[in-house]
Amino acid sequence: ARVLGELGKIQLLAGKIDEGRKSVQEALQIDRTNGYTFEPLHAAYLGYAILSESPPDLTKAITQFEAARDLAVQKGNYIALVLAEKALGATYIRKGELQKGIETLEAVRNGTILKDGQPVQMPASFGAAVAQPFTKATLLEALGQAYEGVQQPEKAVKVWNELYALSGESGFAAAEGEAALNMAKIYTSQKDITNALKYLSIGAEILRKLQND
């Protein structure tokens, strides 16, 4: 089930949508037959498959991510829960429900989830999962993009700066470079040329080391 799930995710990323969906659905069938805790993770991957379609059915994807979220809570799979909530928030934003998307992402950041618009407090172990560097980095990335999308540059800069610091401490060079360039973009729009040049230079140097032309 795990091999099929990850294979499906890779196939989706490679643009092999039909193959990816088939692999993920087969993984889910195995999960359901055996009662595996991987089911919510693979349910979230099925949401990715829906988003990969052309055109994507955003309403259907939201329903799928909500189902993955509920399964994750039921089975105590908090990594899958974070992934489902992150994808759910991003899909709301993509659909134009910007504030709902931000509220969803901010709730996860604070160790809660939103269900029917109401915060649901989660166990401390959920907060621990959110605090893991890679998980936190992906959440901050989604939040930074969300605040830019709703034209709140001050909040966006604050989030990108948090991602920049976290990435530097954790050795996530690609995320550190991305955060620096996003801060530079916002500073440029604000005509803060000193900071724009500072973070452009940092971002360019990091990407040069990664051989990302």
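**Salt bridges and exposure**

Tutor: Let's start with aspartate 70, which counts as partly exposed at 30% relative accessibility. Bear in mind that this is a predicted model, where local features need pLDDT of at least 70, side-chain atom pairs count only at pLDDT 80 or more, and totals for chains, interfaces and linings use all residues. Residues are numbered from 1 along each chain as its sequence is written, and side-chain values use heavy atoms, with hydrogens and water left out.

Student: Why is aspartate 70 called partly exposed?

Tutor: Buried means under 20% relative accessible area and exposed over 50%, with partly exposed in between (1.4 Å probe, protein chains only). Aspartate 70 has 30%, so partly exposed it is.

Student: And what makes arginine 69 buried?

Tutor: Its relative accessible area is 6%, so arginine 69 falls under the 20% cut-off.

Student: How do you know that aspartate 70 and arginine 69 meet in a salt bridge?

Tutor: The rule asks for a side-chain nitrogen of Lys or Arg within 4 Å of a carboxyl oxygen of Asp or Glu. Here N to O is 3.0 Å, so the pair qualifies. By this rule the count comes to 12 salt bridges.

Student: What makes glutamate 205 and arginine 208 a salt bridge?

Tutor: Their N to O distance is 2.8 Å, so they pass as well. Glutamate 205 is partly exposed at 36%, while arginine 208, at 57%, is over 50% and therefore exposed.
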